[in-house]
Amino acid sequence: MININIDGIDKQVENGITILEAAKLIHVNIPTLCHHEDLTIKSVCRICVVEVNGQNLLQPACSFPVAEGMIIKTSTPRIIKARKNIMELIFSHHPQDCLNCNKNRTCELQSIAEELNMSNPIRYEVETRGKEIDTSSPSITFDANKCILCGRCIEVCNTIQTVGVLAKENRGYNTVVAPPYGKSLIDTACVNCGQCVQVCPVGALTIHDDINLVYKNKLKGKILVAQIAPSSRTTIAEALGAEPGTVSTARIVTAMKMIGFDYVFDTDFSADLTIMEEGNELLKRITTGGVLPMMTSCCPGWVKFCETFYPKYTDHLSTAKSPQQMFGSVIKTYFADKAGIDPENIFSCSVMPCTAKKFECNRPEMKASGYQDVDVVLTVHELSRMIKAAGIDFAQLEDTPFDDPFGLGSGAGELFAATGGVMEAALRTVYEVLTGKTLENIEFNAVRGFDGLKEAQIDMNGTIVKVAVVHSLGEARKIMDRVISGQADYHFIEVMACPGGCIGGGGNPIRNWKKVEKRTVQVYEQDKNLSIRKSHDSPAIKMIYDEFLSEPLSEKSHALLHTKYVNRQDILRI
Amino acid sequence: MEEVHILLRNKNVEHMIDASVSMKMGGYDGLRNALSMDGAKVIETLKESGLRGRGGAGFPTWLKTKFAYDAPGDSKVVVCNADEGEPGTNKDRVLLSSDPHSIFEGMAIVGKAIGADRGYIYLRAEYSYLFPLLATALKSARNLNVLGNNILGSDFSFDIEVRSGAGAYVCGEETALFESIEGKRGEPRTRPPFPGTYGLFGLPTVLNNVETLANIGPIFSNGIEWFRSIGSENSPGTKLFTVIGNVEKRGVFEFPMGVNLKDIIYEVCGGIAGGKELLAVQTGGSSGAIINPGQIDIPLDIDHVASSGGRLGCGTIFVIDDSNCVLDIVKNTLEFFTNESCGKCIPCREGGVQLLKLITKISQGKGYVRDIDTMIDLSITMRETALCGLGHSTAIPVMTSISNFREIYDKHLDKDYCPKCSPKEETPERGLND
């Protein structure tokens, strides 16, 4: 511990912490723009400058470490003046259109402007970059004019996800963050994970907005059928102002019915269906000498990553579609038939924590029902905007149950939200199918938590099944390289593109690890509170196999619930 | 006035690329002496010599060396900053081409001090024609075992590689230089960590300017006393001055530290060319202070120039006659800085362009008093908050020209024509990567 004096307060602090961290201890929040608690120190925005004794110049609090006897001032007139001047400089190169910006009232630049009392006219000539807004991607909208070059997205895209689409181009005043070679996002290796959107402090990287598509189809008189992903129920209340980890499953149904959705189903059902198909595929691969390790295919970000960077190894991917796409096929076939609705008239909409799902639903392979299986994906963020626009006071809503017949999912389906969840759900089913015994301890703690790589071995009647779980594409790359070099003797690997799994997805409210942790706790709580916790025990699953699919991996299952992969290597060429 | 040639002592010697010729002229004698010392003793010698960096900041060379010496780690690096990027400056080029071995020798001595086994010369991209020359010189040094394994029979091994970037001015900033050698975008790093502990490739690193390194051999061969007898108390030794602009005789000159600026302009360089009058002098390159004729009677050493608001910097003296307008000079400097800003930090990236826009507006007679105030405000913010020296020093010519030539600024306000300013034009186009 060392002694410092900060804003006149003597304080003992840990050696080596930054001034920014030290200031928090005396309840001072120094404004920051480029700093992000989960990322490396950038120290480029210079908004956080403070006075340090012995230093002629102002020093950035985010990177400057405290030292014994240091005297720090964090808000002298000299500092405030410098900060305001830097804000003015940012404004002079930033569109002045807060009123119709997607980030209005959630923008970090805007809130610092408010905190710093930026109320005088800008002394500098205002000029924007004049770049066209890139709306080519189905998942992410990129407005380079709003970018403040903090570098967060670059770190996420290159270091954490190792996708390498975003980087700086040009120099000085002309510097921009851009995909390579002047390409639009759609033409790049971008996997649509949306983690860049999660860290962008301003409105430069936002979610591709599909809300109007829903309104349009409602106006056309289509029947709106919705499915809600496992993690959405844990994050939508947060998007509407509640604490992270506030579960609001039944309130979402109420709100969506009020907005005009005709049927609201639970994606837990098709998560269970995925387990049935994927689990049986794994059993088949193990018993018939198929390609191992098998890897999960429910994450569209990971699937595109594999198709792009490891196109020769897509036979490791399970052929099972993701829960969203399975549900899509089922809604426009089995459900349409059962409910007596012309599938032509159904507008199928899913509520996802994910931006890559928008890409997935538009894949040409996803038309097994004879129509586009899922017509639109709304992220949690977008649905929360619709609820807001409808004037609904979400916190006060009554509960409404999901619609039949797909209103009952298992706890296993619920687990899909968290990293390791698909694996845990699969193990619960695979164990019982393979051994014929009842699994007593159904909680697989080895695959829970936020370690980059999690491993487990399960003895199934003498067969040792080795599994691994990775999250973030940087980790996926590491394990793929091991698979290629033959150093990964697993049977089954779960890969989720987003750090923390879907609960940390790009379509969720703005994340940090603390929030993701709180959300994850609730995912496991929901599993615990359900009476049915294994996919194969779900009555809806039994029903659909009895009435429609007959058995896992049947011909019908293959036609509707399984898919193919493509080689996207060419996208890496100039 | 007679020059004092220590660094330029071999300027007119033929075949100085050859290590044997260099050794005949006393080259590598300093290294031989240093080889018998331990690292601490080498640093002690540097300390007593009082040698300070010649690249710009004037930081004590021994202290820099000691930071890397004290840093833990088996692998350490010496870097020679030969990215001589200040406009108009070419003293390092003269040293590199006329006496490359003096630089290798300095690097080897610093390597001996910190226990480094390799050094890098980061050569300015525009000096790429020196590549073969340096390669030949390095080869001949290795042949005579003044570089390479077990130098001169000792247990000290040290070798040098030459690297180059793509010609960005900011890569003369030491951490941007490291990034460039590492093959990354040339952007300065945030400090701490400092290069002494985390420099090139993350290793403890000492980086010195070419001229600083060229001083080290003579110090170790001729002794501390000899070195301290030259120059001034706080800045011993000689300094290379590149004189450019409107003087009769331009070039690179070597004088003891503390030589009078006025004497250099009028006695050494023959005064202002073409019978014109002196308008202003900018010392220390584009990032230096712009001073008026009343301020040129100053001794040129590191502390004196610093106390007058500028910096000795790399020793460039830019003499401007009265057919020019100071605003034009500042505008030109700002165009340079906005082109060379790497764009990493906001104050430099955005501030430089705004300064340029403001001065362009004033020079076109469209400015107001408040625009000058805004320029002062902005200069202070850039100076106080920018990430690296480039952003800090963009402000210096602006602030000094406003305080030393305020009446010229005032004359431009609300008038539409200055006969001396360059032809009126709109805000200059900033081309991509130019």
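Hi everyone. A salt bridge, as I use the term today, is a side-chain nitrogen of Lys or Arg within 4 Å of a carboxyl oxygen of Asp or Glu. Keep that in mind, please, while we look at a predicted model.

Let's begin where the two chains meet. How many salt bridges are there between chain A and chain B? The count is seven. One that you can find on screen joins the side chains of Arg171(A) and Glu340(B), with 3.2 Å from N to O. As for the whole contact, chain A puts in 35 residues and chain B puts in 37 residues. Together the two chains bury about 3200 Å² between them, and 51% of that is on carbon and sulfur atoms. Which residues of chain A lose the most area to chain B? They are Leu89(A), Arg171(A) and Tyr173(A), and together they account for 22% of what that side buries.

Now let's take salt bridges beyond the interface. Over all chains, the structure holds 58 of them. Here is one inside chain A: Glu88(A) pairs with Arg123(A), and the closest N and O atoms are 2.8 Å apart. This pair links distant parts of the chain, as its two residues are 35 residues apart. Glu88(A) sits in helix 2, residues 77-91, while Arg123(A) sits in the loop between helix 3 (108-115) and strand 6 (140-142) of chain A.

In chain A, please find helix 9, residues 268-288, and helix 15, residues 421-435. Their axes come within 9 Å and cross at roughly 60°. From helix 9 of chain A, the residues in contact include Ile275(A), Met276(A), Leu282(A) and Leu283(A). Across from them, helix 15 of chain A brings residues including Val422(A), Ala425(A), Val430(A) and Leu434(A). Sorted by class, this contact of helix 9 with helix 15 of chain A has 10 nonpolar, three polar and one charged residues.

A second pair in chain A is helix 10, residues 300-309, with helix 16, residues 473-484. The axes here come within 11 Å and cross at roughly 45°. That angle makes helix 10 of chain A oblique to helix 16 of chain A. This crossing, too, is right-handed. Who touches whom? Trp302(A), Phe305(A) and Phe309(A) in helix 10 meet Leu473(A), Ala476(A), Arg477(A) and Met480(A) in helix 16. By class, that contact between helix 10 and helix 16 of chain A has six nonpolar residues, no polar ones and one charged.

Let's hop over to chain B for one more pair. Helix 6, residues 100-114, and helix 7, residues 131-143, have axes that come within 10 Å and cross at roughly 60°. Helix 6 and helix 7 of chain B are therefore oblique to each other. Helix 6 of chain B passes helix 7 of chain B in a right-handed crossing. Pro100(B), His101(B) and Phe104(B) make the contact from helix 6 of chain B, and among their partners in helix 7 of chain B are Leu133(B), Leu134(B) and Ala137(B). The classes for helix 6 with helix 7 of chain B come to seven nonpolar, two polar and no charged residues.

Last stop: some backbone details. Where are there cis peptide bonds to look at? In chain A, the bond from Leu292(A) to Pro293(A) is cis, with omega near -5°. Pro293(A) lies in the loop between helix 9 and strand 12 (294-295) of chain A. In chain B, the bond from Arg191(B) to Pro192(B) is cis, with omega near -5°. You will find Pro192(B) in the loop between helix 8 (174-181) and strand 4 (205-209) of chain B.

And finally, have a look at His27(A). Its phi is near 65°, which is a positive value in a residue other than glycine. His27(A) lies in the loop between helix 1 (19-25) and strand 3 (49-52) of chain A.

Terms used. Residues numbered from 1 in each chain as written. Chains lettered and ligands numbered in written order. Predicted model: local features only at pLDDT ≥ 70, side-chain atom pairs only at ≥ 80, totals over all residues. Heavy atoms only, no water. Axes fitted to C-alpha atoms, helices over the stretch in contact; angles between N-to-C directions. Helix = DSSP H or I, 4+ residues; strand = E, 2+ residues; numbered from the N terminus. Parallel < 35°, antiparallel > 145°, perpendicular 65-115°, else oblique. Left-handed = near helix turned anticlockwise from the far one by under 90°. Contact = heavy atoms within 4.5 Å. Nonpolar A, V, L, I, M, F, W, Y, C, P; charged D, E, K, R; others polar. Buried area = accessible area lost by both parts, 1.4 Å probe.
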